[in-house]
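Okay, thanks for coming, everyone. Let me put the structure up, and then we'll talk about a pocket and a helix pair.

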Amino acid sequence: MKFTIGVEEEFFLVDPITRDLISQPTEAIFEACERNAGPHRIVHEFLNTQIETNTKVCSSIGELRDSLLETRRIVLNAAQDHDAAVIAASMHPFAKWQEQSPTPKERYEEFELRMQDAVRRVLVSGMHIHVGFGDEDQRIRVMSTIRHYMPLFCVLSASSPIVEGRQTGFRSFRLNYLSGLPRTGIPPYLSSWSDYQQVIDELESLDFINDGTELWWDIRPSAKYPTIELRICDTCSLVEDAVAITALYVCLIHHLQTLDERGALPNPQSRQLIEENRWHAQRYGILAFFADPTTNERRIVGELVEELLDVLKTSAQICECETELASIASILARGTSADRQFDAMKLAELDGASERESLRTVVDLLVAETKVGVSA
């Protein structure tokens with residue numbers, strides 16, 4: 001299989017003293033990142049407090065790991081040089097969206113004008129994984145089959161359990177905020193590129209969208225590159241988790257591409273069950289029970305992952321990422337960023353910390369994890 005990989009990570013800029021978001025960071029941080037980006041791309045995101053990295057196009061998981069470490073290092077160094085810290089998480093534990101402002105860019109200003117508080121309150125970051133393979137029709141067929149696995153990617157990447165100082169009870173609360181926007185969630189079943197183009201043409205003709213970049217589905221064809229873009233993932237605090245999840249996505253695509261070439265892709269699964277599993281993934285994370293259409297039963301996520309990893313062994317060998325794929329089991333064993341954030345807050349409270357102190361402890365954890373493996 002010939003494939004290309006690129007990953008976008010969205011981060012928040014944090015005041016190292018207050019641990020709150022920096023609502024108006026100095027432009028010098030972004031200028032330093034742009035100067036040092038090399039083959040990568042580092043840009044503003046929707047809110048001033050956010051910064052987005054885009055790795056160069058990679059041809060292996062090993063190259064992708066190096067690129068993620070490099071882009072994180074560039075951002076961390078630029079932030080540190082200008083008295084800021086960085087957190088890799090999909091929501092800040094106590095920041096308020098009302099105190100943030102959009103980046104002054106025509107596209108973002110148009111979104112705010114059109115969608116008002118529905119978009120203003122989306123104080124979230126995410127990780128988007130692009131994989132290029134096959135032709136247009138094959139990418140659509142594989143994408144439609146991968147919809148079934150969206151809840152699993154949500155479980156593995158969850159990093160947004162605490163919002164505006166509240167323990168939400170969810171492991172990925174980010175998706176609840178995104179659901180207030182149009183054209184989000186699980187995409188419809190599509191069987192060909194012409195099916196996808198028909199969706200775009202209809203929405204453009206009615207002036208609902210300007211182009212395909214305004215389809216914010218959990219997974220979509222990229223409007224800019226010959227890739228399928230996985231968008232459901234929270235931003236991973238640990239870079240190795242991001243690498244493992246990317247390896248899982250690549251191996252899953254390889255496996256399904258192989259089946260497609262044999263005419264053996266499985267029949268599309270119920271969108272209703274996919275969406276039900278997605279909600280349970282958001283709510284319970286690694287402790288979720290998913291509906292398994294093959295057995296008509298609900299099963300613990302760990303069992304389903306174990307079976308999937310076994311199925312993907314050959315793909316991992318061919319794609320040269322056996323070690324990275326095996327790390328998926330480690331995520332389930334030790335927990336996700338969301339689990340660690342929840343535990344850090346509870347332990348701080350048990351030690352007598354105030355609510356504010358406990359929340360700052362969570363931010364400190366995220367700052368530390370964002371740096372793991374990243375050399376200065």
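**The second largest pocket**

So, the second largest pocket holds about 400 Å³ of space. For a pocket, that's on a 1 Å grid over the protein atoms alone, an open set of points where a 1.4 Å probe fits, with protein on both sides within 12 Å along at least five of seven lines. The volume is the space filled by probe spheres set on the points, which are joined across faces, edges and corners. Before I go on: this is a predicted model, where local features need pLDDT of at least 70, side-chain atom pairs count only at pLDDT 80 or more, and totals for chains, interfaces and linings use all residues. Residues are numbered from 1 along each chain as its sequence is written, and side-chain values use heavy atoms, with hydrogens and water left out.

Who lines this pocket? There are 18 lining residues, and His148, Tyr149, Leu304, Glu307 and Leu308 lie nearest the centre; lining means having an atom within 4 Å of a point. The largest share, five residues, is from α11.

Now, α6 also packs on α9 (residues 239–261), at about 165° with axes 11 Å apart. Axes are lines fitted to C-alpha atoms over the stretch in contact, and angles run from 0 to 180 degrees between N-to-C directions. The two helices are therefore roughly antiparallel, the word for angles over 145 degrees.

Notes:
Helices (H or I, at least four residues) and strands (E, at least two) are DSSP runs, numbered from the N terminus. Angles under 35 degrees count as roughly parallel, over 145 as roughly antiparallel, 65 to 115 as roughly perpendicular and the rest as oblique.
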